[in-house]
Amino acid sequence: MHSLEARTPPSKASGASRRALLVGGAALVGGLPIRMASAAPGPPTIQAQHPRNYGVVGTTPYRLCNLGLREGYGVGVELDRGVLDVTATADALGLQAPSDMDDLLQNGRGAELLAVIKAAMAQTSAATVVPPDELSFAPLVTRPEKILCIGFNYRKHAEETGTPVPKAPPIFAKFRNALNRHEGEIKLPTDVDTQFDYETELVIVFGRECHNVTEADALEHVAGYATGNDFSARTLQMATSQFTAGKTADGFAPIGPWLAPRRRVPDPNALRLTTRVNGQIRQDWTTSDMIFNCRQLIAYVSRIMTVKPGDVLFTGTPQGVILGENIPAQQRRWLRAGDEVISELQGLGALKVTLV
């Protein structure tokens with residue numbers, strides 16, 4: 001993390017900063033921050049001095065986040081004493097800045113982001129730094145074109161579920177309604193299922209458009225990596241050969257809290273992964289055990305479709321899920337309202353959700 005002597009956001013009573021006030025519980029619907037009526041209808045126009053550059057985010061040294069704000073969302077940059085609110089700081093400095101993580105990635109506005117950070121370092125009195133205890137995170141992305149997922153991508157997970165090792169990556173999809181945030185809630189759809197399960201996963205976040213890329217070049221198209229939970233309703237998932245019904249209920253795709261840029265993760269297939277349910281460790285493994293590694297997954301999906309900046313790819317989960325327990329399904333203790341699930345990947349941060 002990086003130091004910055006900066007002012008903290010003004011108090012709620014002052015109303016002095018348009019962006020410094022973070023979203024509270026009253027501004028959340030289904031665990032997801034919502035855009036208020038006062039939000040701008042779209043991202044600001046990119047100024048000519050900052051042409052689109054889709055490679056910048058992956059090379060930055062800072063972990064980034066998508067903040068939940070009263071006006072909608074905003075990009076945050078992790079510093080030693082808090083998180084730099086990029087939009088509020090840009091407003092104070094008279095600079096253009098991406099309006100949120102999707103604007104940053106999809107519109108190649110990394111150069112503007114770095115310009116704001118550099119100016120904030122030089123003019124600390126204009127910087128808005130949100131203290132850690134006042135942070136409210138949004139889903140890491142809120143409007144990707146694609147949310148791609150890979151099934152059974154760890155050998156021991158395939159083994160525990162009695163699934164043959166796949167010959168090609170099994171691809172399925174989630175939709176935007178499933179996106180959720182760190183410290184968000186998942187409302188369990190108990191009228192259609194009762195067998196709810198966690199799947200902690202490494203999530204790849206794309207920074208460049210890629211189509212038919214080679215394995216050697218695949219990681220160059222990555223903006224960064226994040227912690228994700230491919231939350232699942234198992235009865236719906238297993239009812240047919242298609243997984244979608246059990247995978248994309250509202251809030252079933254928490255991602256965050258941080259985007260760790262590619263520069264900070266030299267090898268995405270050398271990360272420890274853990275899951276804790278109510279404080280008890282359930283998964284504890286490493287991404288080195290993937291059947292298809294990150295380079296192979298990116299190359300494979302890019303041969304099938306064009307992957308766009310801001311798209312995300314869940315890469316599969318290791319053994320330790322409830323579905324894999326070697327007891328009859330009716331005897332398993334499936335997740336229920338009141339449970340807390342914390343997913344974590346080394347260097348990417350801990351992602352907590354509560355079930356209601």
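**Notebook: helix α6 and its sheet**

I looked up what covers the buried residues of α6, and the list includes β7 (147-150), β8 (171-174), β12 (200-206), β13 (222-229) and β19 (312-314). The model is predicted: local features need pLDDT of at least 70 and side-chain atom pairs pLDDT 80 or more, while totals for chains, interfaces and linings use all residues. Residues are numbered from 1 along each chain as its sequence is written, and side-chain values use heavy atoms, without hydrogens and water.

I listed the buried residues (under 20% relative accessible area, 1.4 Å probe, protein chains only) of α6, residues 294-304: C294, L297, I298, A299, V301 and S302. Helices are DSSP runs of H or I, at least four residues, and strands runs of E, at least two, numbered from the N terminus.

I checked the N-terminal end of α6 and found N293 as its cap, with a side-chain oxygen 3.1 Å from the backbone nitrogen of R295.

I then traced the open sheet of six strands, which runs β8-β7-β19-β12-β13-β16 with mixed pairing. β8 and β16 (260-261) are the edge strands with a single partner each, so one side of each has no neighbour in the sheet. Pairing requires at least two DSSP bridges between two strands. I noted that β7 and β19 pair in the parallel sense over three bridges, and that C149 stands opposite F314 in β19.

Finally, I looked up confidence (pLDDT, the predictor's own for each residue, from 0 to 100). The protein averages a pLDDT of 88, and 86% of the residues score at least 70.

How values were computed
Buried < 20%, exposed > 50% of the residue type's maximum accessible area, 1.4 Å probe, protein only. Contact = heavy atoms within 4.5 Å. Polar contact = N/O pair within 3.5 Å; in protein donor to acceptor, adjacent residues only side chain to side chain.
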